[in-house]
Amino acid sequence: MTDLDTALPQRRHLVTEIPGPRSRELHSRRTAAVASGVGSTLPVYVERAGGGVIVDVDGNSLIDLGSGIAVVNVGNSNPLVVDRVSEQVDRFTHTCFMVTPYEGYVAVCEELARLTPGDHAKKSALFNSGAEAVENAVKIARQATGRQAVVVFDHAYHGRTNLTMALTAKNMPYKHGFGPFAPEIYRVPMSYPYRDQPELTGAQAAARALALIESQVGAGNVAAVLIEPIQGEGGFVVPAEGFLPAISQWCREAGAVFIADEIQTGFCRTGDWFACDAEGVVPDLVTTAKGIAGGLPLAAVTGRAELMDAVHTGGLGGTYGGNPVACAAALASIETMREQDLVGAARAIGDTMLPRLRALQERTPSIGEVRGRGAMIAVELVRPGTTEPDAELAGRIARACHAEGVVVLTAGTFGNVLRFLPPLVIDQELLTEALDVVEAAFATHADSPV
Ligand SMILES: Cc1ncc(COP(=O)(O)O)c(C=O)c1O
């Protein structure tokens, strides 16, 4: 038993309605002080969190199936992360790597070289957020190729900064009213097996995208093709087998940089260290963030040494990029993933969730598809007998789960996808209980078979 287990009981336990009175009080303070553009899925205010639970200020213990959006893969306040962060805070909190460097930054880059796909020579640069990593990957690709065009996909999500808003597909809430957007971004269709009717193989879906790139952009103008190997905010869209290898092969032939955005899929989430590993795809550049540092803000671009070194000294960086405390957290998180076999844990989570959700789909006509890999699992909701998205039902099911003390998230271009991202250290029993709650929510809110 770890310290964490003794410190924070791993159970669902509700003592008030959700949100409770103290949360509601905090929420009214928040409404007065925090800009309304910043939303919250479930306004219970957090007191503590660890393993698979979040305890709120009213004393409710909720099961966490969100991991702070795929961040606390090693569990909240993971004991090793806490130890290493505390040690680092005690030694120094910041010098700026661009002024006086330190070992932790170098050690994180060494780990990234070992862990990311491919055994070629790799280098990394560290940043603060996923969006910042994506922006820098585009800067590197443009500098290295001397080209400008960046190709992205339908349903893509890459962030909320100006360049990454342009790279992100969905208008509301991410882009609406925030233009003008950065130029030289071209969007092509994603392989989305559930919605590609008639169904396309990976090779066919790739040919559809590549024909558009060649006719509308021109292979010789493409600096980079940027893709999430499994789309996150877009609804956990898993491309058909063969799609990613075909796109990556085309990039090699066209002299374009293939960038895998593994910000949501990385660090064991999908049952591999990185989602590209499942098909042996080796990207030229990989962006990472979220799960890398157990909840501290850290992001990276890792890639072929010759591409990474194409940028002049001083062309990459930022005041806080690769902050020493975040680097200590990353090294502890990576050690935990290795020692506790969180790749295996993610696979076990998928093995528990997928059969139960597929059985639920059999008896629930409003479930169009259950998909995902490892601990990145989604349920797409539609009007029975059609593929018409049902965002209203997704919202209702999510709210029903919240009311019963299970934190679930929604996603998707059409807002009709329930997504599950449990911490990889969640107890099997807790996971099973969370699935009971999800099933009960469907039993109450979704149509029964006709
Ligand atoms: C695939 C992907 N790319 C980029 C981002 C942006 O990361 P951040 O919110 O850290 O800027 C996200 C965040 O959800 C993401 O899922």
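Author: Lining residues have an atom within 4 Å of a point. This is a predicted model, where local features need pLDDT of at least 70 and side-chain atom pairs count only at pLDDT 80 or more, while totals for chains, interfaces and linings use all residues. Residues are numbered from 1 along each chain as its sequence is written, and side-chain values use heavy atoms, with hydrogens and water left out.

Reader: How much space lies in the second largest pocket, and what lines this pocket?
Author: About 460 Å³ lies in the second largest pocket. A volume is the space filled by probe spheres set on the grid points, which are joined across faces, edges and corners. Of the 20 lining residues, Phe 97, Tyr 105, Ser 124, Ala 125 and Leu 316 are the closest to the centre of the second largest pocket. Helix H5 (103-115) and strand S4 (122-127) are the elements giving two or more residues to this lining, and S4 provides the largest share, five residues. Helices (H or I, at least four residues) and strands (E, at least two) are DSSP runs, numbered from the N terminus.

Reader: What makes residues of that lining nonpolar, polar or charged?
Author: Ala, Val, Leu, Ile, Met, Phe, Trp, Tyr, Cys and Pro count as nonpolar, Asp, Glu, Lys and Arg as charged, and the others, Gly among them, as polar. The lining of the second largest pocket therefore divides into ten nonpolar, eight polar and two charged residues.

Reader: Why is Gln 10 called buried?
Author: Buried means under 20% relative accessible area, exposed over 50%, and partly exposed in between (1.4 Å probe, protein chains only). Gln 10 has 17% relative accessibility, so Gln 10 counts as buried.

Reader: What does the side chain of Gln 10 reach at 3.2 Å?
Author: The backbone oxygen of Gly 50. A polar atom of the Gln 10 side chain also lies 3.1 Å from the backbone oxygen of Leu 8. Gln 10 itself is in the loop between helix H1 (3-7) and helix H2 (21-33).

Reader: What makes two strands a pair?
Author: DSSP must find at least two bridges between them. Strands S2 (residues 53-56) and S3 have three bridges in the antiparallel sense, so they pair by that rule. S3 and strand S13 (residues 406-407) pair in the parallel sense over two bridges.

Reader: Which strands stand at the edges of the sheet, and why is one side of each left without a neighbour?
Author: The open sheet of four strands has the order S1-S2-S3-S13, with mixed pairing. Strand S1 (46-50) and S13 are at the edges, each with a single partner strand, so one side of each has no neighbour in the sheet.

Definitions and conventions:
A polar contact is a pair of N or O atoms within 3.5 Å; within protein, one must be able to donate a hydrogen and the other to accept it, and residues adjacent in sequence count only if both atoms are side-chain atoms. On a 1 Å grid over the protein atoms alone, a cavity is a set of points where a 1.4 Å probe fits but cannot get out, and a pocket is an open set with protein on both sides within 12 Å along at least five of seven lines; lining residues have an atom within 4 Å of a point.
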